Amino acid sequence: MKKYNVAILGATGAVGQEFLRLIEERNFPFAELKLLASKRSAGKKINFMGKEYTVEEATKDSFAGVQIALFAGGAASKEFAHDAVAAGAVVIDNSSAFRMDKDVPLVVPEVNPQAIATHHGIIANPNCSTIIMVMALKPLYDKAKIKRIVVSTYQAVSGGGKEAMAELEEQVNDIVAGKEVTPKILPGAALAKHYQIAFNLIPQIDVFKDNLYTKEEMKMVDETKKIMGDDKLRITATTVRVPVYRSHAESVNVEFAAPISVDEAKKAIADFPGVILRDNPAEMEYPMPLFTSGKDDVEVGRLRVDESIDNGLNFWVCGDQIRKGAALNALQIAEYMIEHDMI
């Protein structure tokens with residue numbers, strides 16, 4: 001099998017570390033591996049598959065000879081993506097920098113793999129909460145066209161990175177020990193105010209926009225329309241940070257243009273790649289972050305008729321934000337390109 005020179009930008013962060021785990025787990029065909037990060041993280045040593053790698057500071061010259069550049073996200077994407085493309089690499093980017101660019105495909109391989117062929121060097125990985133939702137929506141959309149979606153998310157602190165995960169642990173320990181909690185990260189490190197996340201919920205992810213929705217909420221609206229190729233979809237979202245380490249959960253209400261039964265919906269979901277149907281109310285079986293953390297598949301359950309509207313269904317979906325919601329989806333894009341001789 002042909003092997004490829006791979007660079008990981010943001011190699012020391014949560015998503016970068018997940019890239020490494022998945023490359024090993026999935027036996028990804030790499031020849032040379034370059035680990036890149038900010039100046040602050042440069043020089044760190046990472047042992048991977050029996051070899052010690054030194055993390056290098058990312059510069060515009062870092063991508064010479066690289067064929068696949070996996071960007072873990074953040075401001076570095078805008079700074080270095082075009083340099084990587086100019087050097088001959090295909091960039092698969094986990095940031096929001098290029099997602100709504102009309103010339104950049106926004107891809108979930110199980111949902112819209114055909115979009116990959118339209119790339120001009122950069123392929124965008126969707127937002128984590130969007131990926132998890134469209135994995136459940138696509139098999140239903142193919143059965144009966146969707147008119148409207150109402151989604152409320154319950155997003156793990158992993159979405160805020162390693163620092164947010166550490167803050168949750170620190171706060172829980174402080175509260176148990178009777179110490180005062182001093183929040184520093186959530187809802188966002190760069191925001192003016194911070195709130196305790198331990199034993200709390202925060203109904204803000206990212207900044208508020210002029211329409212009073214947060215940026216995270218509007219990502220779900222705009223990205224879902226682009227991925228599904230349907231600008232007429234009506235979508236409204238409320239995104240909430242919850243005190244869970246990994247794996248986002250979402251409550252989704254869908255209105256269809258035509259009738260679809262619960263049994264039809266269950267079969268469509270169960271047959272869809274990358275999705276597991278976990279729906280047995282009689283045995284109290286349904287998706288939870290406890291089951292999906294560290295797993296590749298998205299789980300769907302609690303399917304039931306919305307009795308308040310015509311052609312409506314409710315369901316509950318959970319998926320690991322760092323895996324399918326980020327690193328795994330990006331790696332699957334690269335795997336698809338390799339399989340179809342697109343690199």
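Strands S11 (residues 248-256) and S14 run antiparallel and are joined by 8 bridges; strands are DSSP runs of E of at least two residues, numbered from the N terminus, and two strands pair if DSSP finds at least two bridges between them. This is a predicted model, in which local features need pLDDT of at least 70, side-chain atom pairs count only at pLDDT 80 or more, and totals for chains, interfaces and linings use all residues. Residues are numbered from 1 along each chain as its sequence is written, and side-chain values use heavy atoms, with hydrogens and water left out.

- Strand S13 (residues 298-305) pairs with S14 in the antiparallel sense over 5 bridges, with Glu 299 opposite Cys 318.
- S13 and S14 form a hairpin with 6 residues between them, and Asn 311 in the turn has a positive phi of about 60°.

**The sheet**
- An open sheet of 6 strands has the order S10-S9-S11-S14-S13-S12, with mixed pairing.
- Strands S10 (234-241) and S12 (275-277) stand at the edges with a single partner strand each, so one side of each is left without a neighbour in the sheet.
- Strand S9 (residues 146-155) pairs with S10 in the parallel sense over 8 bridges, and Val 150 stands opposite Thr 236 in S10.

Note on methods: Helix = DSSP H or I, 4+ residues; strand = E, 2+ residues; numbered from the N terminus.
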